[in-house]
Amino acid sequence: MTNQEVTQLLKKAYGDEIETVMNYLTNSIVLEGVSAEEVRESLESDIQEELGHAEMIGHRLKQLDERPPASYDFEARQESLQPPENSTDVLSVIEGVLEAEEDAIETYRSLISAARDTDDPVTEDLGVTILADEEAHRTEFRGFKREYE
Ligand SMILES: [Fe+2]
């Protein structure tokens, strides 16, 4: 692993967090119906947390003499988080969130190990902090999914 791999992963994570903010916001607005309320509220609070992750990652990139990407560098990837045709289809949003969280967990695990290999404990610590948040989100949405099984 090189420093460049660490910064590439930080840039990817930054883009993913921003895309997650957009999709959680859209889904929290689109979803409706009695059974959607809990999930909508959870998405609303996660939006702030994911935005906080992007801020931390962006500042870490700056400390490493890099810049976080802006919209022209951005490639959308979260197919599973596109809002469902049926605005009461809560399960499809729950599954989309779980997929996004799994993807984030994988990215932060790679970041942690790349940072460790290049002796960058500050980035490693940042990765661990954010990974803990993503795992907590996954647990919460696994719980939501159980209600539909
Ligand atoms: Fe996040």
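Guide: Start with the contacts. In the protein, 74% of the contacts with a separation of 6 or more join residues 24 or more positions apart. Two residues are in contact if their C-beta atoms, placed from the backbone, lie within 7 Å. This is a predicted model: local features need pLDDT of at least 70, side-chain atom pairs count only at pLDDT 80 or more, and totals for chains, interfaces and linings use all residues. Residues are numbered from 1 along each chain as its sequence is written.

The protein has 4 helices and 0 strands. Both are DSSP runs, numbered from the N terminus: helices are H or I with at least four residues, strands are E with at least two. From the N terminus the order is α-α-α-α. The C-alpha trace spans about 50 × 30 × 20 Å along its principal axes.

Now to H2, residues 37-63. It has 27 residues. Its first and last C-alpha atoms are 40 Å apart, close to the expected 39 Å. That expectation is 1.5 Å times one less than the number of residues.

Which residues of H2 are buried? They are Val39, Leu43, Asp46, Glu50, His53, Ala54, Ile57, Arg60 and Leu61. Buried means 20 or more other C-beta atoms within 10 Å of a residue's own; exposed means 12 or fewer, and partly exposed lies in between, with C-beta atoms placed from the backbone. The cover over these H2 residues includes helix H1 (3-30), H3 and H4. Across the protein, buried residues make up 31% of the 149.

What follows H2? Asp65 does, and its phi is positive, near 65°. Ser71 counts as exposed because 7 other C-beta atoms lie within 10 Å. Its C-alpha is 8.7 Å from that of Gly15, 56 residues away along the chain.

Two of the covering helices also pair up. The axes of H3 and H4 (residues 121-146) come within 9 Å and cross at roughly 160°. So H3 is roughly antiparallel to H4. Angles under 35 degrees count as roughly parallel, over 145 as roughly antiparallel, 65 to 115 as roughly perpendicular, and the rest as oblique. The axes are lines fitted to C-alpha atoms, for helices over the stretch in contact, and angles run from 0 to 180 degrees between N-to-C directions. After H3 comes Asp119, with a positive phi near 55°.
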